[in-house]
Amino acid sequence: MSNIRTRFAPSPTGLIHVGGIRTALYAWLVARGQGGQFVLRLEDTDQKREVAGADQHIIDSLRALGLDYDEGPDIGGSFAPYRQSERLDHYRAWAEKLIAAGRAYADPYSPEEIEQFRDAAKRDKKPFLYRNHRPEDPPVWDGQTALRFKSDAKDYHWHDAVMGDLSAGAEAIDDFILIKSDGFPTYNFAHIVDDAEMQITHVIRGQEFIASMPNYLNLYEALGIERPIFATLPHILNEQGNKKLSKRDGARDILDYFRAGFLREALVNFIASMGWNDGTEQEIFSVDELIAKFSLDRVGRSGARFDEKRLLWMNGQWIKRLDLDDLYARTLSKNVIASAAKQSRKSNDELDRHVANAPRDDKMSNFWGENGRKASEAEQKKVLAIVQDRLKTLADLPALSEYFFARPTPDWSMIDEHKQLGKLGRDEQIDLLGIASSVLAKIDEADWNEENLQSELNNLLSATNSKPPILFGLIRFALTWAPFSPGLSETMVLLGREETLARLLLSLER
């Protein structure tokens with residue numbers, strides 16, 4: 001194909017989760033990798049289920065992930081409009097063609113009559129097929145009643161870019177509704193019309209639609225529309241791998257991950273790898289690498305397990321890769337939309353206006369703790385530089401940094417509850433800490449650097465016949481009273497000689 005065109009066509013009926021985003025990401029990667037176009041279309045024909053603000057949430061989610069689209073409801077394009085609710089005249093025109101060709105008819109039956117047909121089929125132990133009850137002389141369609149497709153039941157064989165060669169028998173074909181009595185089309189009709197008019201070349205969607213493919217193929221033929229390339233993605237499974245991931249299993253709103261301190265790069269990397277790999281052992285992929293390497297034939301046919309521990313690990317890897325200024329900038333805002341603008345591959349006036357008007361996402365405007373937010377930029381960057389390698393998410397920042405900005409209150413229960421330190425008696429703990437304090441006090445300010453401090457700490461190990469987890473852990477608690485902290489010598493250098501000795505003394509006094 002000379003001009004690849006993919007689309008993401010969600011329904012604005014709620015928050016967007018990992019499964020929907022993976023569909024969007026794969027479609028985006030196919031388009032970007034082959035120099036094509038990626039289209040956002042909102043399938044808002046189910047007016048009863050539509051959730052206010054869900055359309056903007058979809059747009060915000062794509063932007064936060066850097067999935068820029070070339071055409072869409074907010075930016076327009078050659079095939080506008082991109083909301084199905086604004087395309088009703090298009091569906092009406094195609095419906096009239098089907099009626100003229102004898103391939104659609106007004107549904108004369110009430111819901112009660114249809115239910116009677118179902119009950120009769122159940123009694124006869126036969127599958128209910130609407131085509132077995134077609135009216136012999138249907139009324140002229142007036143747009144106020146449902147319009148049904150007159151199917152042509154037959155066997156089908158088709159190729160799926162992910163699932164391979166598939167087939168279905170004539171029993172899978174039935175007369176389905178094209179346009180509802182409220183004048184809105186069904187998904188089954190509208191998406192085929194829209195894809196054809198928008199010249200979509202690849203239809204990438206979830207496994208839940210595969211059972212409807214025979215009906216879709218039947219409709220393609222009736223409309224005289226050439227089939228696009230189909231790519232069906234298997235479900236994302238829960239962490240146990242035994243069922244489809246749901247909200248109950250942790251399928252969070254994608255923007256919640258940003259608010260929780262996950263990076264765009266890590267989320268894109270993680271979501272892309274749920275079901276796809278390039279055939280190597282590589283796990284960390286930049287966006288540019290994904291664009292270059294992604295292909296549908298490397299997408300697996302089995303469900304991919306959602307592993308949040310792996311996402312956490314991957315996020316830590318991406319945090320380590322950022323240069324200090326970039327990481328620092330990302331710690332300064334919990335506003336998802338503002339952060340997305342800074343990280344976006346595209347920037348334009350419309351996006352800038354959107355960012356300017358975006359509400360704050362959290363009363364706490366950034367990822368720093370209460371004391372950290374009061375510090376200067378220079379002080380914050382010094383701390384960030386030594387805690388960077390230990391951050392799993394940006395939300396870990398307060399726990400790993402607050403003790404640098406304000407002297408913590410000693411809490412010896414933390415030592416008592418420690419697996420190894422808790423085995424020592426209190427006198428032994430105090431003796432070790434007292435010896436360490438005396439030795440460190442002999443180091444002059446001029447010699448207070450990581451190399452000298454580490455040398456003295458190692459000498460202390462020999463002098464006290466102790467092990468690093470015991471001696472160093474004890475000193476680390478006495479300085480930070482935090483469950484996690486950077487290297488001990490790094491911590492002491494950043495705290496400075498005077499503050500280090502003062503904290504050791506305070507801990508001994510308590």
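Predicted model: local features only at pLDDT ≥ 70, side-chain atom pairs only at ≥ 80, totals over all residues.
Trainee: Where is Asn465 found?

Mentor: Asn465 sits in the loop between H18 and H19.

Trainee: What about its phi?

Mentor: Asn465 has a positive phi of about 55 degrees, although it is not a glycine. Most residues other than glycine have a negative phi.

Trainee: And Ser466, buried or exposed?

Mentor: Ser466 has 17% relative accessibility, and buried means under 20%, so Ser466 counts as buried. Ser466 lies in the loop between helix H18 (450-464) and helix H19 (468-480).

Trainee: What is Ser466 in contact with?

Mentor: Leaving aside neighbours within four places in sequence, Ser466 is in contact with Leu461 and Leu471.

Trainee: At what angle do H18 and H19 pack?

Mentor: The angle is about 125 degrees, and the axes are 10 Å apart. That makes H18 oblique to H19. The crossing is right-handed.

Trainee: Switching topic. How is the chain divided into domains?

Mentor: Domain 1 covers 1-306, domain 2 covers 322-402 and domain 3 covers 407-507.

Trainee: How far apart are domain 1 and domain 3?

Mentor: Their C-alpha centres lie 60 Å apart.

Trainee: Now the sheet with E3, E4 and E7. In what order do the strands come?

Mentor: The order is E3-E4-E7, in an open sheet of 3 strands with antiparallel pairing.

Trainee: Which strands stand at the edges?

Mentor: Strand E3 (104-106) and strand E7 (177-179) do. Each has a single partner strand, so one side of each is left without a neighbour in the sheet. From one strand to the next, the twist averages 40 degrees.

Trainee: How many bridges join E4 to E7?

Mentor: There are 2 bridges between E7 and strand E4, which is residues 147-149. Leu147 stands opposite Ile179 in E7.

Trainee: Which helix packs on the sheet?

Mentor: Helix H3 (residues 88-100) does, and H3 touches E3, E4 and E7. The direction of H3 makes about 130 degrees with that of E7.

Trainee: What comes in the loop between H2 and H3?

Mentor: Pro81 lies in that loop, where H2 is 54-64. A cis peptide bond joins Ala80 and Pro81, with omega about 5 degrees. Most peptide bonds are trans.

Trainee: Back to E7. Where does Phe176 lie?

Mentor: Phe176 is in the loop between E6 and E7. Phe176 is buried, with a relative accessible area of 9%.

Trainee: What does Phe176 touch?

Mentor: Not counting residues up to four places away in sequence, Phe176 touches Leu147, Arg148, Phe149, Asn188, Asn215 and Leu219. The C-alpha atom of Phe176 is also separated by 7.8 Å from that of Tyr130, a residue 46 residues apart along the chain.

Trainee: And E6, how is it joined to E5?

Mentor: 5 bridges join strand E5 (residues 156-160) to strand E6 (residues 164-168), and the two run antiparallel. E5 and E6 form a hairpin with 3 residues between them. Asp160 stands opposite Gly164 in E6.

Trainee: On to H5. Which residues are buried in it?

Mentor: In helix H5 (residues 187-197), Phe189, Ala190, His191, Ile192, Val193, Asp194 and Asp195 are buried.

Trainee: What do the buried residues of H5 pack against?

Mentor: They pack against strand E1 (5-8), H3, E7, strand E8 (202-206) and helix H6 (213-223).

Trainee: What follows H5?

Mentor: Gln199 does, with a positive phi near 60 degrees. Gln199 is a residue other than glycine, and its place is in the loop between H5 and E8.

Trainee: How accessible is Gln199?

Mentor: Gln199 is partly exposed, with a relative accessible area of 46%.

Conventions
Residues numbered from 1 in each chain as written. Heavy atoms only, no water. Pairing = 2+ DSSP bridges. Helix = DSSP H or I, 4+ residues; strand = E, 2+ residues; numbered from the N terminus. Axes fitted to C-alpha atoms, helices over the stretch in contact; angles between N-to-C directions. Contact = heavy atoms within 4.5 Å. Domains from an automatic or database assignment. Buried < 20%, exposed > 50% of the residue type's maximum accessible area, 1.4 Å probe, protein only. Parallel < 35°, antiparallel > 145°, perpendicular 65-115°, else oblique. Left-handed = near helix turned anticlockwise from the far one by under 90°.
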